[in-house]
Number of protein chains: 2
Amino acid sequence: MARKTGDTPGKARSVTMSTIAQMAGVTQATVSRALNHPEVVSPDTLERIRQAIEATGYVPNQLAGALASSKSRMVAAVVPSITNMVYSALIHHFIELVRDAGYQTILVESGFSAEEEEALVSSLISRRPDGILLTGVHHSNRCRSQLLSAGLPVVEIWDLTESPIDICVGFSHHDAGVAVAQFAHDSGYPTAAVVSAGDERALRRKTAFCKRFGALGHPAPLEVLFDGPASLERGRIALSKLLDLGLSGGVIFCSSDLLAHGLLIEAQARGLSVPGDFGVIGFGDQDYATATIPPLTTVRVDRSDLGNRAADALLSRIRNNSPENRSIDVGFEIVARDTTQTAD
Amino acid sequence: MARKTGDTPGKARSVTMSTIAQMAGVTQATVSRALNHPEVVSPDTLERIRQAIEATGYVPNQLAGALASSKSRMVAAVVPSITNMVYSALIHHFIELVRDAGYQTILVESGFSAEEEEALVSSLISRRPDGILLTGVHHSNRCRSQLLSAGLPVVEIWDLTESPIDICVGFSHHDAGVAVAQFAHDSGYPTAAVVSAGDERALRRKTAFCKRFGALGHPAPLEVLFDGPASLERGRIALSKLLDLGLSGGVIFCSSDLLAHGLLIEAQARGLSVPGDFGVIGFGDQDYATATIPPLTTVRVDRSDLGNRAADALLSRIRNNSPENRSIDVGFEIVARDTTQTAD
DNA sequence: CTGAAAGCGCTAACAA
DNA sequence: TTGTTAGCGCTTTCAG
């Protein structure tokens with residue numbers, strides 16, 4: 001069954017290392033060496049093997065390799081949603097970095113559900129990845145223990161905790177909420193409102209914001225909470241609701257830039273001025289935050305940095321470096337643009 | 001492997017099917033049956049095995065299973081970019097559907113590069129997925145032949161071709177461009193302009209649009225082309241450039257809703273009216289297309305339908321080797337909202 | 001319904 | 001530098 005390089009349709013007799021070995025006149029083990037440790041194989045042999053591979057279009061079976069070596073050269077990543085820019089940009093960087101280190105990423109969505117995540121993690125573990133990335137630090141107990149007993153490197157991102165499963169890299173959502181409250185206060189806003197999507201971390205920011213803003217001597221903020229994900233539409237709806245609730249003046253802290261952008265659009269539609277009639281603060285500093293009218297005041301988290309650090313941390317753990325730092329804080333920064341007034 | 005506090009590691013020795021078998025007093029083969037064909041195992045045995053699994057927290061090694069059965073229960077998906085909503089929404093549906101069928105998806109980004117894609121596909125094949133999804137229909141020859149000789153089900157999406165590698169599901173970008181030109185003409189626009197990101201398919205739409213619009217007796221459209229991806233910012237820039245080029249009136253066909261939205265914002269910033277001063281047509285009908293001011297006229301492609309169909313097609317190919325239909329056209333639809341004038 | 005046995009394709013000692 | 005020899009953990013006949 002001599003096979004050519006051409007694209008012959010039909011069932012190709014599977015060519016394995018042994019096929020290559022035979023063609024090159026060596027044993028299968030030598031082919032394995034040629035592929036994984038070429039430096040210990042003679043140039044001559046190497047060349048014959050190379051030719052055989054070329055001629056057959058042989059592609060190694062990593063399943064077998066992984067089974068034999070207990071190294072799958074694969075990492076798994078669990079994110080709440082891939083359609084959410086906040087996570088996708090971060091994961092993009094992560095994927096890129098681990099790929100450069102020779103790892104492929106298997107990406108799955110948990111849809112913000114802990115049970116879903118548990119099932120996912122379980123089936124991911126069965127594929128024996130070399131490491132795993134999780135979004136957030138709240139996981140079911142079974143999930144934690146499975147991960148722990150699988151003994152694989154785990155990095156939890158986008159949040160911080162005292163007791164990570166393995167390591168975590170993120171920032172404090174509580175602190176972010178507090179910082180924004182302080183910022184609102186310092187900017188001279190007497191009142192505030194909050195708009196949030198139904199995301200546990202966003203809610204934590206909201207709570208911290210409200211608490212601190214109150215502690216600073218202000219009335220409790222009006223609240224508009226959504227159950228599902230954020231959208232431009234919901235941002236518009238939020239402003240309408242807030243107005244119905246009697247909002248006048250003050251600053252509105254949104255759980256995402258998307259929501260904030262929606263607010264801005266609704267304000268425009270109603271002929272309201274920002275920051276004249278009220279201030280708006282977003283969260284995330286998406287790339288479009290500078291392109292809105294007016295440019296959006298928001299909280300910046302360096303997502304590419306976070307993705308990179310997460311990749312670095314996971315990679316170094318995979319290489320068995322002991323975790324120098326189990327908890328990495330990447331921080332955040334309030335970027336004051338034009339949707340908020342400047343201090344009196 | 002340093003261990004920290006938490007649940008006891010117990011037996012550091014990895015637990016396999018044999019471990020379970022011993023505990024349940026059966027052979028390893030029976031455990032395999034219990035897991036994969038419970039209907040042929042006695043309820044009694046099943047229960048003992050279940051308990052052993054429960055007690056140990058055993059997780060099957062799918063690597064070994066896949067190697068032995070030549071079924072990895074895994075599909076691979078190659079998209080240009082995961083941060084691009086156009087693809088991520090689609091892939092979201094795809095992932096969900098194949099997951100319900102028991103397949104996990106390994107997602108990789110090709111970054112719009114054919115060489116990159118070739119390398120990616122090669123390393124994906126080495127993981128022996130049961131099927132593979134590719135975005136677009138233009139691939140390097142080596143890529144095609146590798147896929148062909150690997151003999152695995154392939155579905156190409158988001159475009160159509162006479163000669164798919166295996167099957168393709170998408171729509172004609174050429175026809176979309178033509179349809180928009182016709183729409184612009186019918187709406188009474190005497191002139192047009194195009195704004196496009198550096199995406200091969202977008203360029204094909206643009207070309208078809210320009211050609212047909214010219215054939216309808218109109219002057220050649222002004223063009224603003226970007227090299228990389230679209231963004232709100234670039235939409236704003238595009239309008240500025242167009243104005244610099246002397247644009248006045250007419251309709252502007254954008255390669256994406258994002259660009260169109262940017263144009264709308266820039267128009268607002270300049271006090272220009274849409275559709276009063278000029279019309280705008282987007283592409284994609286993203287969810288925010290109804291939330292812009294004014295709501296965006298755009299081209300709608302049912303991405304969830306596309307994702308679902310792609311999943312169905314791939315799944316059915318994986319199950320039985322009969323490609324009923326090698327080319328599936330999901331079509332598109334022009335959604336006239338308020339950024340374009342209605343016919344005279 | 002269950003056991004025994006033969007691999008799946010590869011890695012990794014250990015010899016030679 | 002290369003061959004020999006064991007497995008990796010599981011699926012799958014084939015018997016019984």
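The surface near DNA strand D has 13 nonpolar, twelve polar and two charged residues. Here Ala, Val, Leu, Ile, Met, Phe, Trp, Tyr, Cys and Pro count as nonpolar, Asp, Glu, Lys and Arg as charged, and the others, Gly among them, as polar. This is a predicted model: local features need pLDDT of at least 70, side-chain atom pairs count only at pLDDT 80 or more, and totals for chains, interfaces and linings use all residues. Residues are numbered from 1 along each chain as its sequence is written, while chains are lettered from A and ligands numbered from 1 in the order in which they are written.

**DNA strand D**
- 27 residues surround DNA strand D (C-beta atom, placed from the backbone, within 6 Å of the strand).
- The closest are Met17(B), Ser32(B), Ala64(B), Gly65(B) and Ala68(B).
- H2(B) gives the largest share of this surface, six residues. Helices are DSSP runs of H or I, at least four residues, numbered from the N terminus.

**DNA strand C**
- DNA strand C is surrounded by 26 residues, the closest being Met17(A), Ser32(A), Ala64(A), Gly65(A) and Ala68(A).
- Helix H2 (28–36) and helix H4 (62–69) of chain A, with helix H2 (28–36) and helix H4 (62–69) of chain B, each give two or more residues.
- This surface has 13 nonpolar, twelve polar and one charged residues.

**Domains of chain A**
- An automatic or database domain assignment sets the bounds: domain 1 (13–56), domain 2 (72–171 + 302–331) and domain 3 (173–300).
- The C-alpha centres of domain 2 and domain 3 of chain A lie 30 Å apart.
- Ten residues of domain 2 contact nine of domain 3 (C-beta atoms, placed from the backbone, within 7 Å).

Definitions and conventions: Two residues are in contact if their C-beta atoms, placed from the backbone, lie within 7 Å.
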